[in-house]
Structures are given as C-alpha cells and as structure tokens.
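Please keep the sequence and the 3D view open while reading.

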Amino acid sequence: MRGHRALTAVAALVIGAAGALVAAPTPAGAAPACATDEPPQPPATVSWARQRLRPERVAALADGRGVTVAVIDSGVDATHRQLAGRVLRGANFLDGGADGRRDCVGHGTAVASLIAAAPAEGVAVRGLAPAVKILPVRVSEQLLIDGKLQGENVGPGEFGAAIRWAVDHGAKVINLSVVLIRDEPAVRSAIEYARAADVVVVAAAGNAHAENNPDPYPASYDGVLGVGAIGADGVRQEYSQVGDYVDVVAPGGDVPVAWPGGYHVRSGTSYAAPIVAATAALIRQYQPELSADDVVRRIIATADPAPGGAHSPAYGSGVVNPPRAVTEAVAGAAPVRARPLAAVEPDPAAAAAQERRQSSRHRAMLLAACGAGVAVLVLLLALVLPRGMRRRWRPAEPAA
C-alpha cells in the first residue's frame with residue numbers, strides 16, 4: 001500500500017500476518033486518539049465519482065429506504081451533519097464500548113458517507129443510498145504511522161463474531177472495507193453464516209498490488225462481491241489488486257468523503273467497496289424478492305465495460321452502474337415487476353363534462369333512430385298508398 005498526497009492517502013483496514021487490523025497509511029503526524037481539529041473541506045463541486053455514477057438517475061426509484069447496511073470498520077461518527085439520523089446504535093468489539101458510533105480513525109465514517117451521506121448544498125459528498133440505515137460495528141482503531149503500528153485492534157475471532165452480530169441484527173448488506181492476508185477459519189465461517197442468512201457481502205479487493213498481490217480475504221471467499229478501484233480516467237488504480245476475486249470495479253481514486261469533524265479526499269479500494277454496497281441496498285429496496293445471490297449476479301451482469309472490454313482479473317466484469325443494476329432486466333433473473341400507478345382522485349368538472357357528453361350522445365342516437373323510423377314509414381307509404389288508391393282499397397283478388 002503506497003500513499004499519495006496527505007489528503008489522498010490510500011487507506012484500508014488490513015489484518016496483517018500477526019492478525020492485527022491496520023489502517024495504512026495516514027497523514028504524517030496523525031494520532032490514534034480521536035481528533036478534535038476539523039479536517040480540510042472537500043471541493044465544493046460535484047466529484048468525478050458522482051458524475052460517473054449519476055445517482056440522480058436512480059434516486060426517483062430507490063434511495064435505500066428500509067435497508068440496513070452494516071459497516072464493519074473503525075466505527076462511524078454519528079454526529080457528522082450528513083450522517084445524523086442515519087446511524088443505528090451498532091456494536092463495539094474493540095474495547096467493550098456502548099456501540100459503534102465513535103470513530104477515532106475516520107475510515108469507517110468515510111466508508112459510511114459513500115453509502116448514506118445526505119445531500120448537502122455546496123458539498124461534493126453524497127451517499128448513493130441516502131435513506132439506508134447504517135449499522136456500525138467497530139473492530140479497529142489501529143494506524144500505521146511512520147511505519148509503526150499504533151492503536152488497538154481485534155483478532156480474527158472477534159472479527160468473525162462482528163460479522164455474525166451484524167447478520168443477527170438486521171443487516172441486509174455488509175460492507176467490509178477490510179482485507180485479511182490469509183484465510184481465517186473464523187472469518188470464513190462467519191461469511192458462510194451471512195450468505196446462509198441471505199445477506200449481500202461486499203469486500204474491498206485490497207491495495208497491495210505492489211506487495212506481491214497477496215490473496216485478499218474476505219474478497220476471495222465464494223459469494224463475496226470483490227471490488228477493485230478505478231480513477232477518474234476509468235483505469236485501475238496502481239495499488240488496486242488483481243485476481244479472480246475482483247468481480248467489479250468502482251470509483252476509488254481521489255474520492256471526497258465525510259470525516260469526523262469535516263471532510264477528506266481519499267483513495268483506495270476501501271472507498272470503491274461502499275459504492276457497490278450502496279448499489280446492493282438500492283436493489284434490495286427496489287426488488288425485495290431477489291435473493292442475495294441474485295443481487296450479486298445483477299450487479300456483475302449490468303457493469304459497464306472496462307478497458308479491454310472482456311472480463312479480466314484487473315476489472316472483473318467492469319465498472320458498477322447503479323441505475324442499470326436497479327432497473328435493467330437480467331437473463332436468468334426474476335423480471336422487474338411494474339409498480340402500480342398511484343391512485344388518481346376523480347376530477348368533478350371532468351366527470352360532469354363526461355356525463356354531458358354521454359347524455360348528448362344518447363339523445364343524438366335516439367333522434368337518429370326516430371328519423372330512420374320516419375324515413376322508413378314515408379317510404380312504405382310512398383309505395384303502398386298509390387296502389388291502394390288504384391284498387392280503391394279493395395283486397396287483391398285471386399288470379400283467374
């Protein structure tokens with residue numbers, strides 16, 4: 001994992017060889033304690049990621065309402081102005097705290113904002129599914145600062161327990177912007193538990209492409225939707241890992257995000273994954289009859305072509321396209337059911353006009369029938385009357 005500028009550091013929570021959760025790298029001089037200084041503000045323009053995703057195209061159909069998305073991460077700052085009212089109580093597996101609504105790292109808040117941040121005037125940050133409920137599950141506040149680990153973390157056993165807790169507490173989608181560098185039985189079992197409960201699991205593909213591209217977990221597990229990162233040019237970011245675990249890619253380079261106390265611009269597969277998780281939430285709202293596997297297949301099948309066109313280890317099936325994923329018909333999937341039109345109240349004036357038109361039509365038909373009858377009568381009289389007068393109205397006699 002290699003950093004860029006201080007405000008665009010590649011970040012992900014990683015379980016290292018010793019089983020530690022790590023967030024790396026972060027701006028020099030950062031501290032593991034919750035900061036009180038307000039981070040820099042984002043550019044007050046629409047971000048390239050938003051221009052690419054075009055959330056307004058799907059907003060009228062679905063906004064994630066009624067769907068709970070678990071963010072298993074460093075916690076979520078529930079007091080942030082764009083997340084207020086959207087963050088549930090959650091859980092804290094790190095230090096036994098009351099819940100997950102505290103974030104000393106910022107990573108979890110950033111991830112949650114890409115899913116659920118409310119639109120705000122003059123701010124580039126906007127969640128793709130702003131009406132979802134975020135279920136925060138806190139598992140780490142560990143940072144890599146100047147090459148040294150600082151802060152606390154949970155082990156793989158607690159991490160697996162956090163996934164199970166999210167499933168048991170109503171999550172329909174789980175976002176894991178977390179990478180394990182080895183297969184952990186406790187985590188694998190928890191992922192299987194989530195899949196059996198019909199939960200969509202989305203995971204970052206990892207930022208260690210330059211470090212021999214190790215297999216990332218949970219993205220490598222069957223049924224997990226693995227997500228890589230692209231930049232504004234549509235090309236894979238150099239750190240984004242490559243392998244058969246990449247199902248789709250999403251914007252992950254220089255993405256404006258919410259941060260405890262303010263905003264940042266960040267890069268990493270950590271920030272591509274929540275865009276796909278939000279897309280899953282939109283589908284789960286719009287088509288609640290679809291299974292988790294159906295949702296995953298739909299996201300993959302409707303992805304836009306990436307460089308090269310065909311499926312590849314770098315891009316998977318392509319770039320996630322939320323409007324297409326929500327609305328398009330997919331071969332082998334359940335058809336999109338047409339929604340009934342809203343009931344329309346009758347217009348009294350229109351009803352009266354219709355009644356007058358029907359009454360006029362009936363009168364016209366009656367007059368036409370009478371006129372036809374008179375015409376027939378006149379015709380008969382014209383034929384019969386002359387003969388009758390010639391015979392002096394005598395009955396016809398039999399022929400001789």
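**Inside the protein**

The lining of the second largest cavity is made up of five nonpolar, one polar and two charged residues. The model is a predicted one. Two cavities of 30 Å³ or more are counted in it.

**Second largest cavity**

- The volume of the second largest cavity is about 50 Å³.
- Its lining consists of Arg195, Val199, Val200, Val201, Gly223, Ala292, Asp293 and Val296.
- At least two lining residues come from strand 10 (200-204), and at least two from helix 7 (292-301).
- Helix 7 is the element that contributes most to this lining, with three residues.

**Largest cavity**

- The largest cavity has a volume of about 150 Å³.
- Helix 1 (48-53) and strand 13 (255-259) are the elements that give two or more residues to the lining of the largest cavity.
- Of these contributions, that of helix 1 is the greatest, at three residues.
- In total, 14 residues line the largest cavity, and those nearest its centre are Ala49, Arg50, Leu53, Leu114 and Arg126.
- Sorted by class, the lining of the largest cavity holds 10 nonpolar, two polar and two charged residues.

**Nonpolar cores**

- The largest nonpolar core has 54 residues, and the ones that touch the most other members are Ile115, Ile134, Val276 and Ile299.
- Helix 6 (residues 269-286) supplies the most to this core, namely 12 residues.
- Another core lies apart from the largest one; it has 28 residues, including Ala70, Leu135, Ala162 and Val167.
- Which residues is Ile115 in contact with, leaving aside its neighbours within four places in sequence? They are Val69, Val71, Gly127, Leu128, Ala129, Pro130, Val132, Ile134, Asn175, Pro274, Ala277 and Ala278.

**Helix 3**

- Why is helix 3 (residues 107-116) described as largely enclosed by the rest of the structure? The reason is that 10 of its 10 residues are buried, where buried means under 20% relative accessible area.
- The buried residues of helix 3 are His107, Gly108, Thr109, Ala110, Val111, Ala112, Ser113, Leu114, Ile115 and Ala116.

Key
Residues numbered from 1 in each chain as written. Predicted model: local features only at pLDDT ≥ 70, side-chain atom pairs only at ≥ 80, totals over all residues. Heavy atoms only, no water. 1 Å grid on protein atoms, 1.4 Å probe; cavity = no way out; pocket = protein on both sides within 12 Å on 5 of 7 lines; lining within 4 Å. Points joined across faces, edges and corners; volume = space filled by probe spheres on them. Helix = DSSP H or I, 4+ residues; strand = E, 2+ residues; numbered from the N terminus. Nonpolar A, V, L, I, M, F, W, Y, C, P; charged D, E, K, R; others polar. Core = buried A, V, L, I, M, F, W, Y, C linked by side-chain atoms within 4.5 Å. Buried < 20%, exposed > 50% of the residue type's maximum accessible area, 1.4 Å probe, protein only. Contact = heavy atoms within 4.5 Å.
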